[in-house]
Amino acid sequence: MADVRPDRPGGPASDPHGHPDGSPDAPAGAATATGVDTRDRPRTGSSAADGGRPAGEPGRSVPAQRVLLLLAVLLPVAVVLWRTRDAFRYYQDDVLQFAVAQERGLSWDLLGLDVFQHFAPVNRLAHLVVIRFSDLSLTFGMLLAAAAVLLLLATTAWLLHELRVPFGRRVLGLVALGFSITVLDTAVWADAAFHILPALVATNAVVAAHLRAATTGHRRWDALAVVLLALGTLTQERVLFALPLVVLVDWFLVGAGRPLPERWRRLRRSVPTLVAMTVVALAAAAYIYLEYASGVSSRPSVETTLRTGLGALTQGIFPPWVGVRLTALSSLQVQLVILAGIVLVAAALVVLRRRNADPLAFVALCFVMYFGFLSFSPILTDELAAATALRLHNGAYLLVPTVLAVTSLTGRRARRPAPDAAGADGSRRSGGPWHANRTWPVAVAAAVLATFLVVMGGRFTDAQWYAERNAHAYLATVSAGQQTWADPEATLVPLLVAPTVARDWAEVYGRHEFFLRFYEPGWVPQELGDRPVVLDAAGDVRPVQLRTEAAAVDLAADSCAPADRSQLAVAAEVTGEPLFLQLSYTAAEPLGVVATPDAGVTQDAAAVGNWEVPLEAGAHTVLIPLHAGTVGGVLLDWTGPSSDRCVVGASIVRPVFSGADGGTCTDMDRYGLPLATVPCPAGSSR
């Protein structure tokens with residue numbers, strides 16, 4: 001973890017923001033003529049032996065402060081683990097990355113995978129680790145997400161330390177960040193945790209390393225910052241914003257209250273580093289654009305981007321900090337009133353202390369930078385503007401800049417206390433009240449803030465995390481029942497995973513015949529036997545019977561003809577999912593088949609929509625999922641040897657839940673959700 005030494009201004013007699021003379025315009029870390037920031041050097045009245053503490057400061061305060069800072073980093077991680085223990089899930093983008101990871105392994109096909117125009121090898125690699133070493137374990141993924149939260153807080157603590165943010169504000173800033181609902185909502189979804197949090201960690205590290213170079217005068221820290229920027233681009237493209245953040249932090253936070261010429265001098269000293277970062281950033285941006293974004297023809301309009309930004313600023317970013325997540329944006333008039341209120345509060349802070357204009361300008365420019373980036377998003381449309389504005393994941397990128405800005409705000413000018421009776425130099429007696437007056441009020445304030453955020457987080461998760469808990473329970477149940485559904489003596493009739501795991505474009509990866517390979521690599525549905533079962537909507541294994549809906553007839557004169565395609569006709573259309581082709585065949589060698597259902601398919605129709613089903617050699621009967629609401633015929637596209645292969649019989653069947661009394665069964669939808677009761681198939685033993 002970062003060095004969490006207490007800040008070292010000149011003791012209680014100094015300005016709380018590190019201004020040795022208490023002046024509102026004095027720099028937070030004065031630079032010498034050699035360009036070395038002197039903030040890290042002991043002030044007058046301290047000694048090297050005590051680590052630069054003000055003279056007379058009790059030694060026990062330092063470990064107490066370090067413990068409090070450590071708790072501010074670790075306790076939020078514990079809360080994240082507690083909150084996500086029954087809600088962490090794999091969803092949508094995750095299943096695509098798992099599919100490529102399982103099929104291609106550690107390869108550029110995986111690491112360079114384009115998912116919504118994102119270049120994110122770190123995210124892809126995390127999915128490979130999950131699928132290879134844990135077989136889709138929810139606990140393993142949750143621990144990876146918690147580790148990312150830990151790194152986020154540790155690098156934020158480092159960044160606050162390098163900015164010499166006072167101890168109390170440092171603790172409260174970490175508490176506000178770590179216990180925030182935005183962090184919680186990011187950590188509950190694997191793809192968001194693996195995509196967003198590492199990018200924030202990398203951005204923090206780049207800026208902190210640069211500040212460390214200014215503090216120590218060692219250029220190796222600047223070299224490290226350049227390397228971290230290059231490596232950070234492997235998390236995602238937003239890490240490139242670390243470059244402008246370095247400039248903004250130098251200008252508005254480190255340079256808060258300084259004259260403009262002094263700010264320019266600091267930037268000029270950083271020119272070699274900024275040039276190196278610019279080269280890295282331009283090269284990365286050019287590659288990402290050419291390989292991932294140049295072919296995108298649709299971009300949001302300026303009006304859409306502005307409406308999204310206004311909605312995020314007024315109602316999307318800040319309410320979640322206090323446990324409120326809006327489901328819809330207010331009218332434009334209400335948003336403008338809120339915006340006016342924000343401007344008035346900012347103006348009041350500037351009137352209170354002129355130097356507050358700098359951190360306020362910093363966070364405003366960060367907002368414009370991160371939300372202006374949405375103007376390049378191909379998925380931001382007029383219809384999605386409100387949802388994008390209220391999406392917590394977009395606001396996650398403003399978390400650390402907001403903490404930096406708020407902890408840099410100041411009130412009235414600090415006054416020097418009168419020297420106490422201990423000595424004319426203003427030092428306090430060893431063992432005096434400094435420890436109680438400094439550390440415990442911070443601890444109490446941090447505890448109150450943490451309690452409030454935890455309570456608000458509980459209200460938020462109770463109200464909002466239905467889908468997350470449903471997906472978690474489903475995946476946990478499927479994993480627990482693996483020995484049953486993977487038993488060779490059972491025939492699993494493949495349905496679909498819960499829509500809280502995969503839906504819409506990702507639904508194809510959520511079909512059981514494909515998805516269950518994540519738990520059991522190489523798994524395929526078994527030959528139809530006497531124990532057909534399904535995974536129902538909750539993920540439980542349940543016995544079913546098969547009801548024949550219609551016979552399917554091979555239109556070829558010879559069902560054993562060595563053709564690459566067979567066409568099966570159904571006398572009358574069958575409607576309502578789930579539907580399966582029950583196929584009996586003989587084959588001399590193993591082969592595969594792709595079934596394409598449709599209402600009235602023709603011989604030249606394209607084969608689309610379903611995964612290939614592997615078929616063993618010999619005489620067998622199998623169930624092939626059709627994933628269609630209407631079936632009037634089926635095309636079979638064969639792969640492998642076409643000789644010595646015959647279609648012996650075929651029919652369209654539907655699974656129904658077996659009844660306890662043997663006479664009444666229950667229909668189901670394509671997810672395995674029970675519907676109406678129906679008569680059981682006559683004479684069915686399955």
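User: Starting with Tyr-474, buried or exposed?

Analyst: Tyr-474 is buried, with a relative accessible area of 2%, where buried means under 20%, exposed over 50% and partly exposed in between, using a 1.4 Å probe and protein chains only. This is a predicted model, in which local features need pLDDT of at least 70 and side-chain atom pairs count only at pLDDT 80 or more, while totals for chains, interfaces and linings use all residues. Residues are numbered from 1 along each chain as its sequence is written, and side-chain values use heavy atoms, with hydrogens and water left out.

User: What does Tyr-474 touch?

Analyst: Not counting residues up to four places away in sequence, Tyr-474 touches Leu-496, Val-497, Ala-498, Val-501, His-512, Asp-536, Ala-537, Ala-538 and Gly-539, contact being heavy atoms within 4.5 Å.

User: And which helix is Tyr-474 in?

Analyst: Tyr-474 lies in helix H20, which covers residues 466-480; helices (H or I, at least four residues) and strands (E, at least two) are DSSP runs numbered from the N terminus.

User: Which residues of H20 are buried?

Analyst: They are Glu-468, Ala-471, His-472, Tyr-474, Leu-475 and Val-478. Seen down the axis of H20, these buried residues fall within an arc of 165 degrees, taken from the directions from the helix axis to the C-beta atoms, so they line one face of the helix. On the other side of H20, Tyr-466 and Ala-480 are exposed.

User: Switching topic, how do H5 and H18 cross?

Analyst: The axes of H5 (residues 138-162) and H18 (residues 399-408) come within 11 Å and cross at roughly 35 degrees; axes are lines fitted to C-alpha atoms, for helices over the stretch in contact, and angles run from 0 to 180 degrees between N-to-C directions.

User: Which residues make that contact?

Analyst: From H5 the contact is made by Leu-152, Thr-156, Leu-159 and Leu-160, and from H18 by Val-400, Val-403, Leu-404 and Thr-407.

User: Where is Arg-164, and what is its phi?

Analyst: Arg-164 is found in the loop between H5 and helix H6 (167-178), and its phi is near 55 degrees, a positive value in a residue other than glycine. At 7% relative accessibility, Arg-164 counts as buried.

User: How about Phe-116, what is its phi and its accessibility?

Analyst: Phe-116 has a positive phi of about 55 degrees although it is not a glycine, and it is partly exposed, with a relative accessible area of 36%.

User: Last one, which residues does the cis peptide bond join?

Analyst: The cis peptide bond joins Glu-577 and Pro-578, with omega about 0 degrees, and Pro-578 lies in the loop between strand E4 (565-575) and strand E5 (580-587).

Definitions and conventions:
Expected span 1.5 Å × (residues − 1).
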